[in-house]
Amino acid sequence: MIVILQPNINKNSNEYHQLIAYLDNLANITYRIHEVRGDQQVLTEIYLIGDTKSLSKEEMQSLPTVERVVRISQEYRVLGRHTDDHRIYSFEYNGVTFGQNNLHVFAGLCAVDTPQHVEIMMRALQEHGQVCTRMGAYKPRTSPYAFQGHGKECLNYVFELAGKYGIKVIAMEITHETHVQEIQQALKETGNPTGVMLQIGTRNTQNFELLKYVGRQQEFPVLLKRGFGITLEESLNAAEYLAREGNRDVVFGLRGMKSNLGDPHRNFVDFTHVPVVKRLTHMPVCIDPSHSVGTRARASDGLLEIQHATIQGVIAGANMILVDFHPHPEKALVDGPQALLLKELPFFLEDVQIAREAYEKRVALAAQYNNMI
Ligand code: PEP
Ligand code: MN
C-alpha cells in the first residue's frame with residue numbers, strides 16, 4: 001500500500017507526527033518513506049509492507065496529512081504503475097526534466113578517446129541546440145585485451161568541455177561503485193560544470209550489489225539498460241532495486257536482445273516494448289538504436305537502419321535516445337562501425353522531430369477516439 005501525503009508536507013508538524021505514530025502502532029506492518037522532488041513540489045510517499053490487506057483504504061485516507069492511498073497491484077512497488085494510480089511522475093536533474101511525456105536525445109561518443117574528439121562532439125551538439133550527451137569513460141568489453149576506456153583520467157576534461165558547450169547531462173556507464181566516487185571527485189575538482197546520469201549497462205543489469213550502491217545515492221539519476229538475455233520482468237525488478245534503496249530517478253533503457261534471430265543486426269530490436277514499460281511503470285523509457293542495430297547500413301530508401309530503429313521507438317513514445325556519433329568513426333576505439341557521422345546529426349534530429357510530432361498526433365487521436373467510446 002502506498003500512502004501519498006499532501007504536497008510539501010511539513011515534517012515537524014503535529015499532524016505528521018500523529019500519522020507516524022499511527023503507522024508505528026500498526027501490527028505486522030513496516031514502512032519506508034520516499035521523497036519525490038519534482039519541479040514545483042516535494043511529494044512524500046510512504047510504502048507500507050506486510051499485512052496491508054487488513055487495512056481499510058478509507059480509514060488510511062482519513063489520517064492527517066494523507067492525500068491519497070493506492071493499493072499495490074504490481075510487484076514493482078515503487079516504480080510500478082498500480083491500479084488507480086494516476087500519479088504523474090517526472091524528475092528534474094540539472095535543469096533537465098525527465099518523464100514519460102517528453103523526449104531527449106543523448107548523442108555522443110560511445111567511448112571517450114581524445115580531448116579533441118570530445119570537443120568536436122560537444123561543439124556540434126551545442127550548434128544543434130542539444131544539452132545532453134553520452135560519453136563512455138569506463139567500457140566493459142568482451143575481450144580483456146580490448147581498450148577498456150580511459151576511466152578517471154578523462155573525466156576532468158570531459159566535464160570541463162561539457163560545461164564549455166552548455167551540456168547539462170552526460171550519460172556515462174559505470175561498472176563499479178568506485179567509478180561513482182571518481183565521478184563525484186572529478187565534478188568537485190572541476191566546479192560542477194555539468195551533470196551525470198549514471199548508466200548501468202546490459203552486462204550489469206542484475207549486479208545487485210552495484211544496483212544497491214547506486215540506489216543508495218541520490219545525487220545522480222540512473223539509466224538502467226535492460227539485460228540482453230533475461231526477461232523484461234527480471235530487468236524491471238532490477239530497476240526496482242534502485243528505487244527500493246531510495247533513488248527513483250530511474251530511466252529504463254531498451255537496447256535490443258541478444259539473439260541470432262535479429263541478424264544482420266547486432267541485437268534483436270525490442271522497441272515495441274516502449275509502451276509496455278510505460279504501461280507497467282512510471283519510468284521514462286530510453287532506446288539505444290546504436291547498440292541494437294550495430295551497423296551503419298543504409299536502407300534502400302536512403303535512411304540508415306539505425307534511423308529506422310530510432311523512429312520505431314520514438315513513434316511509440318520513447319523518452320530518451322542514446323545514440324553513438326563520432327567525428328571520425330574509422331578512428332574510434334570502440335564501436336566505430338555503428339557511429340553516425342557529425343554531418344548526419346541535423347538529419348538525425350530532424351527525422352526524430354518528424355516522428356515525435358507524429359507520436360503526439362497519435363496520442364491526440366487516441367484521446368479523441370477514446371472519448372467517443
Ligand atoms: C553502451 O551504451 O556503451 C553500452 C555498452 O551499452 P550496452 O550496455 O547496452 O551494451
Ligand atoms: Mn558501445
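The following dialogue examines the terms applied to this predicted model.

Student: What makes domain 1 and domain 2 separate units here?

Tutor: The domain assignment gives domain 1 as 2-71 and domain 2 as 92-372. The C-alpha centres of domain 1 and domain 2 lie 35 Å apart. Domain 1 gives 7 residues to the contact and domain 2 gives 8 residues.

Student: How much area do domain 1 and domain 2 bury between them, and what part of it is on carbon and sulfur atoms?

Tutor: The two domains bury about 600 Å² between them, with 31% of it on carbon and sulfur atoms.

Student: Why is the pair of glutamate 45 and arginine 248 called a salt bridge?

Tutor: The closest N and O atoms of glutamate 45 and arginine 248 are 2.8 Å apart. The criterion asks for a side-chain nitrogen of Lys or Arg within 4 Å of a carboxyl oxygen of Asp or Glu, so the pair qualifies. The count between domain 1 and domain 2 is 1 salt bridge. There are also 3 residue pairs in polar contact between these domains.

Student: Which elements give two or more residues to the side of domain 1 that touches domain 2?

Tutor: They are strand 2 (29-37) and strand 3 (42-50). Strand 2 gives the most, with 4 residues. By class, the residues on this side of domain 1 are 2 nonpolar, 1 polar and 4 charged.

Student: Why does the pair of histidine 291 and aspartate 335 tie together separate parts of the sequence?

Tutor: Histidine 291 belongs to helix 9 (residues 289-293), while aspartate 335 is in the loop between strand 14 (320-324) and helix 11 (345-372); the pair therefore joins parts that are 44 residues apart in sequence.

Student: What makes arginine 134 and aspartate 324 a salt bridge?

Tutor: The closest N and O atoms of this pair are 3.4 Å apart. That value falls within the 4 Å limit, so the term applies. Arginine 134 is in strand 8 (residues 132-134) and aspartate 324 in strand 14, 190 residues apart, and the pair links distant parts of the chain. By this rule the count comes to 15 salt bridges.

Student: What is the omega of the peptide bond from aspartate 263 to proline 264?

Tutor: Omega is near 10°, and the bond is cis. Proline 264 is found in the loop between strand 12 (250-254) and helix 8 (274-280).

Student: What is noted about the phi of asparagine 28?

Tutor: Asparagine 28 has a positive phi of about 60°, although it is not a glycine. Asparagine 28 is located in the loop between helix 1 (14-24) and strand 2.

Terms used:
Residues numbered from 1 in each chain as written. Chains lettered and ligands numbered in written order. Predicted model: local features only at pLDDT ≥ 70, side-chain atom pairs only at ≥ 80, totals over all residues. Heavy atoms only, no water. Domains from an automatic or database assignment. Contact = heavy atoms within 4.5 Å. Buried area = accessible area lost by both parts, 1.4 Å probe. Polar contact = N/O pair within 3.5 Å; in protein donor to acceptor, adjacent residues only side chain to side chain. Nonpolar A, V, L, I, M, F, W, Y, C, P; charged D, E, K, R; others polar.
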